[in-house]
Amino acid sequence: MEPNNQKTAITTKRIELLDVYRGFAILGIFVVNIVIMNSTFLNQDEFAKQWTSSLDIAMQKMLQLFFYTKFFPIFSLLFGLGISMQAVKLSEKGKLSKAFFFRRMFFLFLFGVLHILLLWSGDVLNMYALLGLLTVFLITKSNRLILGLSLFFLVFPFYDNVFEQLFGFIGYNPGVYLEGYTGETVKEIIVNGSYFAGLKLRILEYLSNFPMLVGFLAPIALSMFLLGTYLGKNKIYESLDIFILKIKKPVIIITILSNLYRILFLYVIVKLYVYKIDFARQLFIKLMVISDVIMGLFYLWIIGWLWYNTKLKSLFNPLQYVGKMALTNYLMHSFIGLILFSSIGFGLYETMSPTQTFLTAILVFMAQVILSRIWLTYFHFGPLEWAWRCLTYKKLFKLKKNK
């Protein structure tokens, strides 16, 4: 017989718009990640120079304007929101437990490790797992502190200097891990090397890119995680339609101003003499990052506004199937990338143009929408969501639906 608490957990009504947001974030993340899968950071700039057609140049500009640094913040905010929603519910039942969240984040961290070893080095699950541990400590703190920290971690401009000093102090030199590797040797390993040679390369890439993870991605993730925690703690999700209307005017004004800066940065500022000065360049880049994050948050706002106030709800509805299986679909992208680009699959590494990678990402996502919908017709959870749930609660949940 199915335990009552398990049945409740399965039949609890989900907020559809949040799943739409998650599906949308998964789409954008893959559009960005497939570019990196097609050519690693080591050779990306040089590789990109060959795509000189008008279509590919336009595609690269589109990715810069509408995708880069927009979807990672969205995913981070939704992660913080989801974890805090769970913490609030457990707290209201008197069941908020540090051990529970430690166990939940430990297994997410383990998924991240396996992701790096088996599929792709561009993992963020490890970082999310560490952020998730903050939930039980932050959920009881004041709104002012949570929002203040969120703003600080977003706007602080000198992470590069801080972590350069820190890494120097502890003797961490990321340059040694890919020392001797060139774009050609990396390509040879990925396209013609064994799976285990690829595994070794993924570990070295992760260690080499670690400064970017902690110096660039982690502060954005932490800022958005804190914002999501604030929204979850204050149960904004229970009246999203009202909240979206309430913030309409400031959202539009801030988005317009930030987009004006983004355009100036891409087409004017980078050509100015002052941009060559290190201190000024850091500030200009930080403002660009902040503007990109604001654009990502605007995406959430406009989708929510259209969802509640127009007849376009059906246009976004399919995204929720992918969103309900966000962990499974996120890791599936890395598996697909491994098959597309490496020696165990088609070996297409550094063969796709920006237009081709974009269209491939769209086609893969469309397939995920269809497959996720079919899966959820017969099962309560995505396969990895189910495994994570069982490991967290230390019980075997029912996966298949009764027909």
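Start your tour by selecting Lys70, Arg262 and Asp292, which are linked in a network of salt bridges. A salt bridge here is a side-chain nitrogen of Lys or Arg within 4 Å of a carboxyl oxygen of Asp or Glu. Why would such side chains pair up? Opposite charges can do so when their charged atoms come close.

Before you click on, a word about what you're looking at. This is a predicted model, where local features need pLDDT of at least 70 and side-chain atom pairs count only at pLDDT 80 or more, while totals for chains, interfaces and linings use all residues. Residues are numbered from 1 along each chain as its sequence is written, and side-chain values use heavy atoms, with hydrogens and water left out.

**Stop 1: salt bridges**

Zoom in on Asp292 and Arg262, whose side chains meet in a salt bridge of 3.0 Å, N to O. Asp292 sits in helix H15 and Arg262 in helix H14, so the pair ties together parts that are 30 residues apart in sequence. Buried means under 20% relative accessible area, exposed means over 50%, and partly exposed is in between (1.4 Å probe, protein chains only).

Next, pick Glu16 and Lys313, a salt bridge with its closest N and O atoms 3.9 Å apart. This one links distant parts of the chain: Glu16 is in helix H2 and Lys313 in helix H16 (residues 313-316), 297 residues apart. Glu16 is partly exposed at 35%, and so is Lys313 at 34%.

Now try Lys49 and Glu46, which meet at 3.5 Å, N to O. Lys49 is exposed at 58%, and Glu46 is exposed at 52%. The total count comes to 7 salt bridges.

**Stop 2**

Select Leu17, Tyr21, Phe72, Ile74, Leu108, Met127 and Tyr128. These have the most contacts inside the largest nonpolar core, which has 105 residues. Such a core is a set of buried Ala, Val, Leu, Ile, Met, Phe, Trp, Tyr and Cys residues joined through side-chain atoms within 4.5 Å. Helix H2 (residues 16-38) gives the most to this core, with 16 residues. Apart from it lies another core of 9 residues, including Tyr261 and Phe265.

Then colour helix H7. Of its 8 residues, 7 are buried, so H7 is largely enclosed by the rest of the structure. Its cover includes helix H5 (71-92), H6, helix H8 (135-138), helix H12 (195-233) and helix H18 (326-341).

**Stop 3: Ser121**

Where is Ser121? Look in the loop between helix H6 (98-118) and helix H7 (125-132). At 9% relative accessibility, Ser121 counts as buried. Its side chain joins that of Glu205 through a polar contact of 3.1 Å. A polar contact is a pair of N or O atoms within 3.5 Å; within protein, one must be able to donate a hydrogen and the other to accept it, and residues adjacent in sequence count only if both atoms are side-chain atoms.

**Last stop: Tyr273**

Finish at Tyr273, in the loop between H14 and H15. At 64% relative accessibility, Tyr273 counts as exposed.

Terms used:
Helix = DSSP H or I, 4+ residues; strand = E, 2+ residues; numbered from the N terminus. Contact = heavy atoms within 4.5 Å.
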